[in-house]
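Dear colleague,

Please find below the structure that I am handing over to you. My notes on it follow directly after.

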Amino acid sequence: GCQHQCTEDERDEWCSCDDGFEIPDEDWRNCIDINECEGERGEDYEEDCHICVNTIGSYTCECYDGYELDSATNQTCIGELYLVIEYNSVVRGVQDVYN
């Protein structure tokens, strides 16, 4: 049998893998993890993923200071917009004090 999915007809059977896995050349019945992080940013993993971290069947990201992992996807870093808004508020607050 196949590790993930098996399709059979009267003469043949073939295997397929879940998303994030592929069939290795040496054993068509098994599935191995695809390391998306070895690919290209924006193509194999999200453009907004700062540091790609491979997981079994997928990937996640580590984010630079000032950013956080988007909990909706666990595959993008968010935060720059929030920093700009916070910065603008602080600048306006300082200007208000001195005006």
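**Findings**

Gly1 is placed in the segment before β1 (5–8), where helices (H or I, at least four residues) and strands (E, at least two) are DSSP runs, numbered from the N terminus. The model is a predicted one: local features need pLDDT of at least 70, side-chain atom pairs count only at pLDDT 80 or more, and totals for chains, interfaces and linings use all residues. Residues are numbered from 1 along each chain as its sequence is written, and side-chain values use heavy atoms, with hydrogens and water left out.

Gly1 has a relative accessible area of 77% and is therefore exposed; the term means over 50%, whereas buried means under 20% and partly exposed in between, with a 1.4 Å probe and protein chains only. Although twelve residues separate Gly1 from Glu13 in sequence, their C-alpha atoms are 8.9 Å apart in space.

**Overall architecture**

The chain contains one helix and eight strands, arranged along the sequence as β-β-β-β-β-β-β-β-α. It has 99 residues, of which 19% count as buried.

In UniProt, an unreviewed entry carries the annotation "domain: EGF-like" for residues 1–32 and 36–78; the positions are given in the numbering used here, feature names are shortened, and annotations may be inferred rather than shown by experiment. Residues 1–32 are 0% helix and 34% strand, with 15 Å between the end C-alpha atoms.

**Charged residues**

A patch of negative charge on the surface is formed by Glu8, Asp9, Glu10 and Asp12. Such a patch is made of residues with over 30% relative accessible area and no salt bridge, like charges being joined within 9 Å. Asp and Glu count as negative, Lys and Arg as positive, while His and the chain ends are not counted. The place of a charge is taken as CG of Asp, CD of Glu, NZ of Lys or CZ of Arg. Within this group, Glu8 belongs to strand β1 and counts as exposed because its relative accessibility is 59%.

How many salt bridges does a search of the whole structure find? The search finds one, a salt bridge being a side-chain nitrogen of Lys or Arg within 4 Å of a carboxyl oxygen of Asp or Glu. Arg29 forms a salt bridge with Glu13, and the closest N and O atoms are 3.3 Å apart. Arg29 lies in the loop between β3 (21–22) and β4 (32–33) and Glu13 in strand β2 (residues 13–16), so the pair ties together parts that are 16 residues apart in sequence. Arg29 is partly exposed, at 30% relative accessibility, and Glu13 is also partly exposed, at 22%.

Cys61 is located in strand β6 (residues 58–62). With a relative accessibility of 6%, Cys61 counts as buried. Its C-alpha atom is 6.5 Å from that of His50, eleven residues away along the chain.

Glu62 is also found in strand β6. Glu62 is partly exposed, since its relative accessible area is 45%. Between the C-alpha atoms of Glu62 and Cys77 the separation is 7.7 Å, and the two residues are 15 apart along the chain.

**A backbone feature to note**

Most residues other than glycine have a negative phi. Asn74 is not a glycine, yet has a positive phi of about 60°. Asn74 sits in the loop between β7 (68–69) and β8 (77–78), and at 37% relative accessibility counts as partly exposed.

With kind regards

Notes:
Patch = residues over 30% accessible without salt bridge, like charges linked within 9 Å, V, L, I, M, F, W, Y side chains within 5 Å. Areas by Shrake-Rupley, 256 points an atom, 1.4 Å probe, with all protein chains shown as cover.
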